[in-house]
Amino acid sequence: EPWSVRGFRVLRPVDAAALAVELSRASAFLGNDSGPSHLAAAVGLPGLALFRASDPDSFAPRSDRFAWLLLDAGADAVDRTWEALRRVVLDSPGGRH
């Protein structure tokens, strides 16, 4: 069973097919530089991929509805993440306005 708080759901590890089904039901995606971020972009979700060590220009998901954020250990990382996710969800085609 997924964990949820304030309208967000955090999924436990599942196989790729089950993850695709869950993503198809989602309204947005927030994740790190990983396969699930690419799968979320592939199913058309607006989303944000977080990067720390790898190069987002080379490895970020390719979608008009997806953005990436390069994080450092700064105290404002959570605020910058939330603002970037809000922007991509509201500004993407089909996003809530």
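**Notebook: a helix crossing and an aromatic pair**

I looked at the helices first: α1 passes α2 in a right-handed crossing (the near helix is turned clockwise from the far one by less than a right angle). This is a predicted model, where local features need pLDDT of at least 70, side-chain atom pairs count only at pLDDT 80 or more, and totals for chains, interfaces and linings use all residues. Residues are numbered from 1 along each chain as its sequence is written, and side-chain values use heavy atoms, with hydrogens and water left out.

I checked the geometry next. The axes of α1 (residues 16-24) and α2 (residues 35-42) come within 10 Å and cross at roughly 50°. I then listed the contact (heavy atoms within 4.5 Å): α1 brings A16, L19, A20 and L23, and α2 brings P36, L39 and A40. By class, I get seven nonpolar, no polar and no charged residues there.

Then I turned to the rings. My search of the whole structure gave two aromatic pairs (ring centres within 6.5 Å). I noted F51 and W68: their centres are 6.5 Å apart and their planes stand at 75°, so the pair is edge-to-face (over 60 degrees). F51 sits in strand β4 (residues 47-51) and W68 in strand β5 (residues 66-70), 17 residues apart, so I have the pair down as linking distant parts of the chain.

Last, I looked up accessibility. F51 has a relative accessible area of 1%, so F51 is buried (under 20%). W68, at 37%, is partly exposed (between buried and exposed, the latter being over 50%, with a 1.4 Å probe and protein chains only).

Conventions. Axes fitted to C-alpha atoms, helices over the stretch in contact; angles between N-to-C directions. Helix = DSSP H or I, 4+ residues; strand = E, 2+ residues; numbered from the N terminus. Nonpolar A, V, L, I, M, F, W, Y, C, P; charged D, E, K, R; others polar. Phe/Tyr/Trp six-rings, centres within 6.5 Å; stacked < 30°, edge-to-face > 60°.
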